Structure formats: structure tokens, C-alpha cells
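Dear colleague,

Here is the structure I promised to pass on, with the sequence alongside. Please open it first, and then read the notes below with it in view.

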Amino acid sequence: MVPENNEQIGFGGLPADILHLSQRVSDLPTVLDELNSLVTSGIIKDYAIGGGYAVMYHGIPYSTFDLDVLVVLGSEEDFQRLYTYYRNKGNKIENVYIYISTMPVQFLPNYISPLFNNAIKAAQRIEVNGVPSKVVKVEYLIALLLTAFRPKDKIHIIELSKNADMPMLNKILRMLDDGQLLSERLKEVLGHS
Amino acid sequence: MMDNYYLKDSKKFWDTRKKARHSKDKKLISLPFTEKAAMSERIQADYELLRNAKDPSNQFGLGVIPDAINELSIELLFTPLDFEEVLNNAFPFTQELQDNLESSKT
């Protein structure tokens with residue numbers, strides 16, 4: 001059967017209703033604008049993109065549905081205040097995720113560990129479509145993935161380590177990895193000492 | 001930063017997030033194909049934006065923090081300092097200036 005022109009258009013012959021949904025529109029600049037306004041208004045002190053979006057920034061296409069944001073906060077109470085702020089603003093909140101625009105955002109406070117704290121401090125500045133932001137450096141990203149250490153993290157560590165400053169990574173691990181666990185995991189993944 | 005600032009036991013924190021992630025993954029699996037396709041396109045668009053993100057530290061101007069200074073902040077937090085060494089790392093031109101100064105004296 002030959003479809004009518006208005007039913008199938010362009011690449012892959014996607015049906016029109018799917019094609020309509022698949023217009024490539026990114027919410028990311030809007031979300032980053034919102035994060036910057038959190039800093040300006042003093043709700044958070046600083047932030048850096050981590051998780052799957054940082055993996056993507058460092059060059060690995062990766063399907064992730066949520067944005068992990070490492071945030072500098074004064075205390076656990078400030079973390080609760082962040083949720084209250086968005087609840088009062090009417091944003092959808094689902095489990096730990098706060099929806100900013102259509103993006104589920106997970107905030108990870110710096111008081112989890114010195115690794116998170118330093119990953120934000122050392123984050124690199126970027127501009128996404130004209131919006132200033134910060135993303136964790138590849139060496140810190142590897143250290144954070146070594147903490148999570150899921151099977152997909154191991155694959156990403158191997159890929160990311162190709163572009164990492166390994167002496168810098170080892171320095172970070174020496175300073176922040178008390179029990180040598182992360183260093184051992186790195187050896188396990190990369191297969192050498 | 002004080003040691004007691006950090007969570008003593010982060011297990012509960014991560015367990016909550018693990019459960020939330022599983023619950024979200026389950027929900028995503030059951031989404032209709034059209035929504036999955038739209039989501040996939042959104043992620044692709046985000047990826048393209050991130051890959052085209054500019055690094056403002058390549059420009060000179062406000063807000064530029066050289067890597068060496070970032071490293072300096074790590075050193076300050078966690079290791080005993082040899083200030084001269086750290087400053088030389090942060091400002092590698094210092095030695096050159098010093099050499100020039102000394103040679104100009106002779």
C-alpha cells in the first residue's frame with residue numbers, strides 16, 4: 001500500500017502523529033536558566049551538572065531521562081527547603097524528582113561527601129545555547145561513577161578514561177577515597193594498576 | 001569544610017534514590033511508543049546541544065577560572081601546602097618573570 005504524502009514524511013517514514021512529537025526541541029537551556037536563577041536567588045549556592053548529562057557532555061551518547069544536578073547547600077534543611085520551594089511553585093514532584101519544564105531533575109547535595117563537594121568546586125564552565133552553566137570535569141565524573149558502579153557506569157568509565165587526565169584522577173582518588181575502594185574499582189575496570 | 005558537615009551514613013539517601021529510579025524506569029517502560037519516541041528525540045536534542053556547548057574559559061574575561069586555581073582549592077582543602085609550588089602551578093609565568101627580573105639585574 002502506498003501511503004498518502006501527508007501520512008508519511010521524511011526520514012524513516014514516521015507517521016505524522018509521531019513526527020509531530022519528534023520535533024527536536026530541547027528543554028535543557030530552560031532548565032539551566034532555572035538552575036541559574038536558584039543560585040541568583042540564594043536558594044542554592046552553586047551547582048554542576050553530573051550523571052548522564054555530564055556523560056553526554058563528555059562525548060558519550062547516553063540515554064538518560066533525568067538530569068542529575070550536584071548542588072551546594074548549607075544544610076539538610078536547605079535541601080528540604082528546595083523541595084518546599086518547588087512544591088509551592090506548583091512544579092510536579094515525583095519521588096525524589098522535581099520536574100522543571102518537562103525534565104525530571106534530581107538534586108544531589110554536596111554534603112553527601114567531599115567528592116560531591118569538590119566535584120562542584122572544580123566543575124568547568126560551559127555555555128549551552130548561550131546559557132551559562134557548569135558541568136563536572138571528566139576526572140570527577142569518573143570518580144562519581146566509581147561510587148555508583150553499576151554495570152553501565154563501568155562501560156562509561158572505560159570510555160571516559162580515554163579523555164581523562166589520569167594523574168589528576170589518581171590525585172582526586174588519593175585525596176577523597178579514604179578506604180581505597182574507588183581506586184580498587186578503577187583498577188578492576190581498567191584492568192591495570 | 002568541617003567533617004561533621006557530611007552525611008555519616010549515606011546508605012539511606014542512596015536507597016531512596018535507587019527505589020525512585022526503579023519506579024521511574026518501570027513507568028517509562030509502560031509508556032506508549034509515541035511518547036517514547038518523543039522522549040528519545042528530546043534526549044538527542046539535549047545531546048546535540050551539550051556537544052555544541054562552548055567552553056567560556058577559552059575566552060579571556062570575567063568568570064574565567066584557570067584549572068590550576070581549581071586545583072589550588074583542592075590542595076588548600078586536603079593537603080599540607082608547599083605554597084611556592086602551588087602558586088607556581090597556578091601562575092606558571094611567575095618563574096619566567098622572576099628569571100627575566102634576575103637577568104635584567106645582571
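Predicted model: local features only at pLDDT ≥ 70, side-chain atom pairs only at ≥ 80, totals over all residues.

B:Leu50 is a buried residue, because 23 other C-beta atoms lie within 10 Å of its own, where 20 or more are enough to count as buried. This residue lies in helix H2 of chain B, and, leaving aside residues up to four places away in sequence, B:Leu50 touches A:Tyr53, A:Met56, A:Tyr57 and A:Val128.

As for the interface, 33 residues of chain A are in contact with 36 residues of chain B. On the side of chain A that touches chain B, the elements giving two or more residues are helix H1 (16-21), helix H3 (51-57), helix H5 (114-121) and strand S8 (124-128) of chain A. S8(A) gives the most to that side, with 5 residues. Sorted by class, the side of chain A that touches chain B consists of 18 nonpolar, 9 polar and 6 charged residues.

One face of S8(A) is covered and holds A:Gln124, A:Ile126 and A:Val128, whereas the uncovered face holds A:Arg125 and A:Glu127. A:Val128, on the covered face, is also one of the residues that B:Leu50 touches. S8(A) runs antiparallel to strand S9 (residues 131-135) of chain A, to which 5 bridges join it, and A:Arg125 has A:Lys134 in S9(A) as its bridge partner. The hairpin of S8(A) and S9(A) has 2 residues between the strands, and in this hairpin A:Asn129 takes a positive phi near 50 degrees.

Elsewhere in chain A, strand S3 (residues 46-50) is mostly covered, with 4 of its 5 residues buried. S3(A) pairs with strand S4 (residues 67-72) of chain A over 5 bridges in the antiparallel sense, and A:Ala48 finds its bridge partner in A:Leu70 of S4(A).

There is also a helix pair to examine in chain A: the axes of helix H6 (residues 138-148) and helix H9 (residues 181-190) come within 9 Å of each other and cross at roughly 95 degrees.

Chain B calls for some care in reading. Chain B has 5 helices and 0 strands, and buried residues make up 8% of its 106 residues. The mean pLDDT of chain B is 70, with 51% of its residues reaching 70 or more. Within chain B, confidence is highest in helix H2 (residues 33-51), at a mean of 91, and lowest in helix H3 (residues 67-78), at a mean of 46. Over residues 60-83 of chain B, pLDDT stays under 50, and for that stretch the model has 23 contacts beyond four places in sequence. B:Leu50, with which these notes began, belongs to helix H2 of chain B, the helix with the highest confidence in that chain.

With best wishes

Methods:
Residues numbered from 1 in each chain as written. Chains lettered and ligands numbered in written order. Contact = placed C-beta atoms within 7 Å. Nonpolar A, V, L, I, M, F, W, Y, C, P; charged D, E, K, R; others polar. Axes fitted to C-alpha atoms, helices over the stretch in contact; angles between N-to-C directions. Buried ≥ 20, exposed ≤ 12 C-beta atoms within 10 Å, placed from the backbone. Pairing = 2+ DSSP bridges. pLDDT = per-residue confidence, 0-100.
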